[in-house]
Amino acid sequence: MAEFKVVVSDETGHTRQFEVDEQDANRFLGRNLGNEVDGNAVGLDGATLELTGGSDDAGRPMREDVSGSDLKELLLEGGVGYEPTRDGERKRITVRGRQVSDETAQVNAAVVGETPIAVLLGEEEPEDADDDGDSDVDADEATDTDAGSEENNDDDIADAE
């Protein structure tokens with residue numbers, strides 16, 4: 001039975017972590033990095049998630065240039081799984097393929113589109129709805145307040161004379 005964590009990010013840089021198992025986890029199994037999955041698997045109704053990365057229980061990263069879900073040793077000069085400390089340094093690193101499998105412990109995904117995660121979860125109102133409604137009311141209130149303050153200023157000046 002597949003069980004893993006899904007880390008979802010949006011364009012604003014906010015991330016959320018979700019635990020998925022059983023049927024929800026099966027929606028991710030067999031998918032490759034770069035594929036899209038329905039967001040209902042993690043509770044993001046109406047969203048689409050693009051798989052961007054992941055790792056297994058040992059922390060070995062998934063690489064998009066390795067097919068399948070098996071382990072493979074690569075001689076790397078940099079990129080996912082290895083960051084060289086000197087120019088020209090190379091190292092043999094064990095990585096996992098691009099396909100999500102039972103050995104996957106974590107899947108990284110990104111929300112396709114510009115909708116923030118908090119809005120998809122219902123924790124916040126969409127910004128477009130708030131801005132349109134509030135800006136009209138604020139403009140009317142500001143006009144009424146300004147008109148009233150001018151009258152008060154005229155009265156204050158008359159009282160002073």
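Colleague: Among contacts between residues at least 6 apart in sequence, what share join residues at least 24 apart?

Modeller: That share is 54%, where contact means heavy atoms within 4.5 Å. Before we go on, this is a predicted model, so local features need pLDDT of at least 70 and side-chain atom pairs count only at pLDDT 80 or more, while totals for chains, interfaces and linings use all residues. Residues are numbered from 1 along each chain as its sequence is written, and side-chain values use heavy atoms, with hydrogens and water left out.

Colleague: How many helices and strands are there, and in what pattern?

Modeller: The protein has 3 helices and 7 strands, in the order β-β-α-β-β-β-β-β-α-α along the sequence. Both are DSSP runs numbered from the N terminus: helices are H or I with at least four residues, strands are E with at least two.

Colleague: Why is Phe4 called buried?

Modeller: Buried means under 20% relative accessible area, exposed means over 50%, and partly exposed is in between (1.4 Å probe, protein chains only). Phe4 has a relative accessible area of 2%, so Phe4 is buried. Phe28, at 0%, is therefore buried too. Buried residues make up 28% of the 161 residues in the protein.

Colleague: What makes Phe4 and Phe28 an edge-to-face pair?

Modeller: Rings of Phe, Tyr and Trp (its six-membered ring) pair if their centres lie within 6.5 Å; planes under 30 degrees apart are stacked, over 60 edge-to-face, and the rest tilted. That rule gives a count of 1 aromatic pair. The ring centres of Phe4 and Phe28 are 5.9 Å apart with planes at 80°, so the pair is edge-to-face. Phe4 sits in strand 1 and Phe28 in the loop between helix 1 (22–26) and strand 3 (36–38), 24 residues apart.

Colleague: Which residues touch the most other members of the largest nonpolar core?

Modeller: Phe4, Val6, Val8, Phe28, Val42, Leu44 and Leu51 do, in a core of 23 residues. A nonpolar core is a set of buried Ala, Val, Leu, Ile, Met, Phe, Trp, Tyr and Cys residues joined through side-chain atoms within 4.5 Å. Elements giving two or more residues to this core include strand 1 (3–9), strand 4 (48–56) and helix 2 (117–120). Apart from it lies another core of 6 residues, among them Leu74 and Tyr82.

Colleague: Is Arg96 buried or exposed, and which side chain does Arg96 meet in a polar contact?

Modeller: Arg96 has 7% relative accessibility, so Arg96 counts as buried. Its place is in strand 6 (residues 91–96). A polar contact is a pair of N or O atoms within 3.5 Å; within protein, one must be able to donate a hydrogen and the other to accept it, and residues adjacent in sequence count only if both atoms are side-chain atoms. The side chains of Arg96 and Asp56 are joined by such a contact of 3.1 Å. A polar atom of the Arg96 side chain also lies 2.7 Å from the backbone oxygen of Ser69.

Colleague: What makes Glu22 partly exposed, and what is its phi?

Modeller: Glu22 has a relative accessible area of 49%, so Glu22 is partly exposed. Glu22 lies in helix 1 and has a positive phi of about 50° although it is not a glycine. Most residues other than glycine have a negative phi.
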